[in-house]
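Let's take a walk through a protein together, starting with the overall plan and then stopping at a few places along the chain. Keep the picture in view as you read.

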Amino acid sequence: MPEAVGALTEAVFYILLSLHTPMHGYGIMQNVSMLSSGRVTLGAGTLYGALNTLVEKGWITPLNNQIHSRKKEYTISPLGKTAAANELTRLSELLSNGKRIIGGAQV
């Protein structure tokens with residue numbers, strides 16, 4: 001049975017979503033900003049620290065097509081897809097419970 005992960009940070013969730021299409025760091029930064037309508041911006045240090053952690057966890061994989069490019073590309077692994085899907089389930093539960101209790105009221 002896979003170990004319980006707990007809540008993902010918003011940045012990690014967006015990185016995992018971004019890597020459903022292989023891309024390099026700068027592309028990930030741009031995609032995260034686009035997906036969040038500019039609300040989430042990743043600095044290089046934050047991004048590359050997260051990428052290293054995600055590689056160590058086995059959630060993403062560096063691609064081996066770096067022969068003619070200095071840009072390292074990454075892709076999400078099956079384990080990373082599971083982590084993202086689990087987070088989506090968790091967020092859906094939060095949203096469902098919030099709607100049930102608060103209703104459609106604007107806060």
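The paragraphs below go from the whole fold to single residues.

Before we start, please keep in mind that this is a predicted model. Begin with the overall plan: the protein has four helices and three strands. If you trace the chain along its sequence, these elements come in the pattern α-β-α-α-β-β-α. The protein has 107 residues, and 31% of them count as buried. Its accessible surface comes to about 7200 Å², with 57% of that belonging to carbon and sulfur atoms. Contacts also tell us how the chain comes together: among those between residues at least 6 apart in sequence, 47% join residues at least 24 apart.

Our first stop is helix α3. This helix has 14 residues, and the distance from its first C-alpha to its last is 20 Å, close to the 20 Å expected at 1.5 Å a residue. Which residues of α3 are buried? They are L47, A50, L51 and L54. Looking down the axis of α3, you would find its buried residues within an arc of 105°, so they line one face of the helix.

What do the buried residues of α3 pack against? Their partners are α1, α2, β2 (60–62) and β3 (73–76). After α3 comes G58, which has a positive phi near 80°.

Now step back to the loop between α2 (25–35) and α3 (44–57), where S37 is found. The phi of S37 is also a positive value, near 55°, and S37 is a residue other than glycine. Is S37 buried or exposed? Its relative accessibility is 71%, so S37 counts as exposed, the cut-off being over 50%.

The next topic is charge. Side chains of opposite charge can pair when their charged atoms come close. How many salt bridges does the count give for this model? There are two salt bridges.

One of them joins the side chains of R39 and E10, at 2.4 Å from N to O. This pair links distant parts of the chain, with R39 in the loop between α2 and α3 and E10 in helix α1, 29 residues apart. R39 is exposed, at a relative accessible area of 54%, while E10 is partly exposed, at 38%.

The other salt bridge is between the side chains of E87 and R90, at 2.8 Å from N to O. Here both residues sit in helix α4 (residues 78–102), three residues apart, about one turn of the helix. With a relative accessible area of 3%, E87 is buried, whereas R90 counts as partly exposed at 30%.

Our last stop is on the surface. Which residues form a nonpolar patch there? The patch is made of L17, M34 and L35, which together have about 270 Å² of accessible area. L17 belongs to helix α1 (residues 10–18), and its relative accessible area of 34% makes L17 partly exposed.

Notes: Residues are numbered from 1 along each chain as its sequence is written. This is a predicted model: local features need pLDDT of at least 70, side-chain atom pairs count only at pLDDT 80 or more; totals for chains, interfaces and linings use all residues. Side-chain values use heavy atoms; hydrogens and water are left out. Helices (H or I, at least four residues) and strands (E, at least two) are DSSP runs, numbered from the N terminus. Buried means under 20% relative accessible area, exposed over 50%, partly exposed in between (1.4 Å probe, protein chains only). Patches are made of residues with over 30% relative accessible area and no salt bridge: like charges are joined within 9 Å, nonpolar side chains (Val, Leu, Ile, Met, Phe, Trp, Tyr) within 5 Å. Accessible areas come from the Shrake-Rupley method with a 1.4 Å probe; for residues, only the protein chains shown count as cover. A salt bridge is a side-chain nitrogen of Lys or Arg within 4 Å of a carboxyl oxygen of Asp or Glu. The expected span of a helix is 1.5 Å times one less than its number of residues. The arc is that of the directions from the helix axis to the C-beta atoms. Contact means heavy atoms within 4.5 Å.
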